[in-house]
Amino acid sequence: MENYEFLAFLAAADFNNDGHQDLAGVNLNTGNIGILVGDGMGSFETMQLLTSHNISGIGSLAANYWLTVGDFNVDGHIDIGFIDLTSCNIGLFLGYGNGVFTTQITLSTRNDLCNSSFVIADFNGDGKQDIAVTIPTKFCVDVMFGYNNGSFEASLILSTGIYSYPSSVVANDFNRDRYLDIVVANTGNHNIGVFLGNGDRSFQAQMIFTTTASYPPVSITAADFNGDGQLDITFTILQLVYGQYTHDFFSTKNFVYVMLGYGNGSFGELIEISTLILSPSYIGVGDFNGDGGFDLILLEDWGIKIYSADCSKQSNKIDFLLTNFDIRQCTRLNSLTLLDIDNIKLDRFLSYITVLPLISLSIQFYHASHRVPTPSLSKAIIKWNLQQLHLINESYITTILSWPIPCPLYHLTIDTCTYTEFMYILGHSPFLRTFTMKNCIGMNSAHSIDVSYPQLTSLIINFCYLSFKNLNLLLSYTPSITYLKLIIYGAELDSLFDGSQWEEFIQTKLPFLNKFHFCFRHTIQKNYEKYISIDSIINQYRTPFWLEKKRWFVTCDCVMRSSLSEIILYTIPVPIQDSKIFIRYNALSMNNICYLTEHALEENGIAVSEEKTLSTLYIDENQIGIEGAQHLANILQKNTTLTTLSIGENQIGDEGMRHSLHVLDLSSNQLKMSNAQYFASMLENNTTLITLDLRDNKLRSKGIEFIADALKKNKTLRILNLRFNHIDDDGAEYLADTLITNKTLATLNLWNNDITGIGVRSLANALQKNTALTTLDLGRNRIGSDGTKYLGNMLRINSVLTTLNLWDNQIKGKGAKYLANALEINR
């Protein structure tokens, strides 16, 4: 392990032509680039340092270089290229094929190359090496084409998207057309960008493939990991992105990902490879143990670890390791991670390594271990005086582990445990400080006993369905915790979401709690009669206890989707998955501003568009129902950005809304007379609405009365669509009374109602005085020839109306004559 310390950035190749994969990396102990020569069995010889500028000195956490490897001068030997991220230049070490390299050669120096990554390849097929370099501050990849003399000409800019901050780039032929393509990790936008090359100094537009909703990609590489003949990509994820901390509630953070390629330049299935408690930052690929398959080599906490990247089958390396390498010689090894191992092999392996001075042990079991006891694990915990134990893919811990008494553990991670196990572990672990689990089951309030375990200071439950009552019981045993994290699905709105209950409980039962991270998710059921507004929830978290004393800032989302909708209450951002398009309403505890954003996923769930603040929202034919309309109405009360809303054909029933929109479309929603009262109240004081579409509802004349009265006070509405609302002559008279004084309404659509000549007489008399209406649609009513007589008299006087639709009204020849005579005079 000592040869591998203080490394940043990794690149793999056979530098000395011995048939084994070697490594190049930045040695932070010296500030130089170093070479680790591989022995073909997964181990490396002492690092050889290459002469370069010492940049940042010993132990720097800053990135000094970005490395890439390839045959840059086309002499058949592997070279090393780098960007010096401090002096902002691109340089080369040319290889001789025997592990020896030339002194540093500087190719280009530019201020915008700082914090960049790059790849060297012949993108246009002219036999000269070109450079593709990421420019995070300009959100692009810069392709510079090479000359024979080693210089580069004017570059080609490939945009990676606003705020994309591209961090890593790789080149290869991903669509098998014999032209090199570019794949880039867009850290800022959490996606992978693909530029397919045309072989002629041009590239196709970027294709986007989402990585994971909460963590962005940072270091990327490519290989055929599943043996299907198609290039795949693998990448590490970053937790600190340009100063903004992101936290994924729904999986542990220590993973690398493989995205399988289809061979046409696109990528599909995302495979997660656990590294357990490690924190991988940079990644390389190669066959380091000579088994014919690709391995991933990861940089973690200034050390290197190698993982099998076999994505087509499970592979077991325990036998290989015990046969070819005596791990007991690693006398400084204090942390060990075992992946995809069953209980039998674990028992054998632990018995073999008890001489090691381990402090931390992480075990990911191969699927399920069938709860086979592992006696060596209990003995190892005592032998090592183990402080940290992490067991993944294993539930019911006491069935595989005879719990040592007293147990020396300080930190414990398991999957699901029962309430009885939870109590037993706390009762026999006097030093336990941190307890992490997915879920606790078998809870019953009858279990309550008068006991406490003050040693525990941190409790994390990552995926559970506990009620507030059960949590109250569980947490009453741990009065000294200072950190609590809860991820709960299926939460009830009237308990876990209640900020006042939490406030009282924390003050009385958890007096030392200073950090509380949570996410409670409640699915809105169809035909759910009880409605709770988002504001009523978030208001409970705007008290001095939350904002001033604890400084815990809470957010409440209403997420509307075609399949289902959710209310989500949380302290840290959460990903929304399994939805093609969803609308997210965001209410914060620290202010009264409401945010409405739209997110769109493609059919395959891979590509994702940027989140955008909405000014126009169309969610017609989405079956949002009464519940969705209630939440939408609540959303719109404080939203200040939406100007156009269309929610036609959603069966929202008798729930209205108030909001300062410009366009509001509520067509085909089975709205009735009772709804008109809401619209009337909204219209009276509204100063922004221009278009109101109420077509194809059931307002009838009594409902129109409310709307007509409101329009006497409204000064902004210009377009009103009342088509097919069962309006009779009474409704026409109500509207006519309004038109006498209204000076803003320009278009009125009354098509397909029940208006006769009597109702038209009222409208015609009003229009003799009206000076604003320019379009009137009376198509498919029953006005007859008598009605046209009244309209004819109006047209002799009115000089404002420019469009009049009388289609299908049985006006006959007599009615047509009335109109013709009037039009001779109308000007």
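Visitor: Which residue forms a salt bridge with D696?

Guide: R723 does, in this predicted model. The closest N and O atoms are 2.7 Å apart.

Visitor: How accessible are R723 and D696?

Guide: R723 is partly exposed, at 26% relative accessibility. D696 is partly exposed as well, at 23%.

Visitor: Which residues do salt bridges with shared partners join into one network?

Guide: D709, K712 and D737.

Visitor: How many salt bridges does the structure hold?

Guide: Eight. One of them pairs the side chains of R521 and E566, at 2.8 Å from N to O.

Visitor: What does that pair tie together?

Guide: Parts that are 45 residues apart in sequence, because R521 lies in strand β35 (residues 515-524) and E566 in strand β37 (residues 565-570).

Visitor: Is R521 buried or exposed?

Guide: Buried, at 7% relative accessibility. E566 is buried too, at 6%.

Visitor: New topic. What is the strand order in the open sheet of four strands?

Guide: β9-β10-β11-β12, with antiparallel pairing. β9 (118-121) and β12 (156-159) stand at the edges. Each has a single partner strand, so one side of each lacks a neighbour in the sheet. The twist averages 20 degrees from one strand to the next.

Visitor: How many bridges pair β11 and β12?

Guide: Four. In β12, S159 is the bridge partner of C140.

Visitor: And how much of the chain is buried?

Guide: Of its 827 residues, 56% count as buried.

Technical notes: Residues numbered from 1 in each chain as written. Predicted model: local features only at pLDDT ≥ 70, side-chain atom pairs only at ≥ 80, totals over all residues. Heavy atoms only, no water. Pairing = 2+ DSSP bridges. Helix = DSSP H or I, 4+ residues; strand = E, 2+ residues; numbered from the N terminus. Axes fitted to C-alpha atoms, helices over the stretch in contact; angles between N-to-C directions. Buried < 20%, exposed > 50% of the residue type's maximum accessible area, 1.4 Å probe, protein only. Salt bridge = Lys/Arg side-chain N within 4 Å of Asp/Glu carboxyl O.
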